[in-house]
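Work through these exercises with the model open beside you. Try each task before reading its solution.

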Amino acid sequence: MIVVAGEALIDLVPQGPGALAPLRPAPGGGPYNTAVALGRLGSPTAFCSRVSLDAFGEALLERLRAAGVDVSTVRRGAEPTTLAVASLGADGSAAYGFYVEGTADRLFTAPAELPPGTRAVAFGTCSLVLEPGASAYEELLGTASARGVFTTLDPNIRAGLIADPDAHRARLLGRLPQVSLLKLSEQDAEWLGGTPREWLAAGPAAVVLTRGAGGMTAFTRDGAAHTVPGERVTVVDTIGAGDTVNAALLHGLAARDALSHAGVAALGPGEWAELLGFAARAAAVTCSRAGAEPPYAHEVPDPVTD
């Protein structure tokens, strides 16, 4: 079981140019997208969050169930669902404005236990910023790490939500000793500051840096750097692409029995090339479709399982 912990929200995606273009509601949130992608790839997955009882909340849960994701660790609340208003650049890149005050996911509390058989827990995005939920997710990260569970972190920085950037940087960097795999975009890396080698020295077994069309690189504690190019694709938008990378990495590591520091350390250059190539192909499929629509297993065969 891979557990994904974090927010579920509704993306309001413009359907044309201009500030007053019609907005289409779509399920979203970085952790939510990661859970859906893992389910579609065929990994046993559970989602750990707090979701509204409103109609948007029902739609969010229905999509998780359709992807085969276990929602037994989702708690519900009467507060409204968080909204993220997207704006798309000419290259398909997305920026967001958020409506987060008094929403259900902010009141998350850490569960007493993780689901039986949990091998990894993934964290990231808005859930690490907004209190009081952010502290509860940090508590869950600490508990999972202390129990030897593989953990991943995707900062997925949304600068408009961060009132004190220096404090949030310090908070993220302070959690690296509890993180097994750090994945971040080059934009996130620039915001966070430092280098992959510095982050590795703090604790993670590997750091994966994504560069959009430029591909991605995995840095490991033995000093190696493994790089694959991006997949050529006609980009509709990039919504959910990084989340798909998270899911593909976790799915691929599980398939290689490498959801541990020792397992990551044992991966050779060929295995990293396969794993990163699989993640790049999965993200390309997501970029070729409107909104966060990650691929199913049959669309992106993994050499280890197919």
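**Exercise 1.** Which residues of H2 are buried?

Solution. This is a predicted model: local features need pLDDT of at least 70, side-chain atom pairs count only at pLDDT 80 or more, and totals for chains, interfaces and linings use all residues. Residues are numbered from 1 along each chain as its sequence is written, and side-chain values use heavy atoms, with hydrogens and water left out.

Step 1. Find H2, a helix at residues 55-66. Helices (H or I, at least four residues) and strands (E, at least two) are DSSP runs, numbered from the N terminus.

Step 2. Apply the cut-offs: buried means under 20% relative accessible area, exposed over 50%, partly exposed in between (1.4 Å probe, protein chains only). Gly57, Leu60, Leu61, Arg63 and Leu64 come out as buried.

Step 3. These residues share one side of H2, because they cover an arc of only 160° around the axis. That arc is taken from the directions from the helix axis to the C-beta atoms.

Step 4. Turn to the face of H2 away from its buried side. Ala55 and Ala66 are exposed there.

Step 5. Look at what covers the buried residues. The cover includes strands E2 (9-14), E3 (23-28), E4 (45-52) and E5 (74-77), and helix H1 (30-41).

**Exercise 2.** What caps the N-terminal end of H2, and what follows H2?

Solution. Step 1. Asp54 is the cap. One of its side-chain oxygens lies 3.2 Å from the backbone nitrogen of Phe56.

Step 2. Gly68 follows H2, and its phi is positive, near 85°.

**Exercise 3.** Is Thr118 buried or exposed?

Solution. Step 1. Locate Thr118 in the loop between strand E7 (94-99) and strand E8 (120-124).

Step 2. Its relative accessible area is 16%, so Thr118 is buried.

Step 3. Follow the side chain of Thr118. It reaches the backbone oxygen of Pro115 at 2.6 Å.

Step 4. Set aside neighbours within four places in sequence. Thr118 is then in contact (heavy atoms within 4.5 Å) with Met1, Val3 and Val149.

**Exercise 4.** Where does Ser87 lie, and how far is Ser87 from Pro269 in space?

Solution. Step 1. Ser87 sits in strand E6 (residues 83-88).

Step 2. Its relative accessibility is 40%, so Ser87 counts as partly exposed.

Step 3. Ser87 and Pro269 are 182 residues apart in sequence. In space, C-alpha to C-alpha, they are 38 Å apart.

Definitions and conventions:
The expected span of a helix is 1.5 Å times one less than its number of residues. A polar contact is a pair of N or O atoms within 3.5 Å; within protein, one must be able to donate a hydrogen and the other to accept it, and residues adjacent in sequence count only if both atoms are side-chain atoms.
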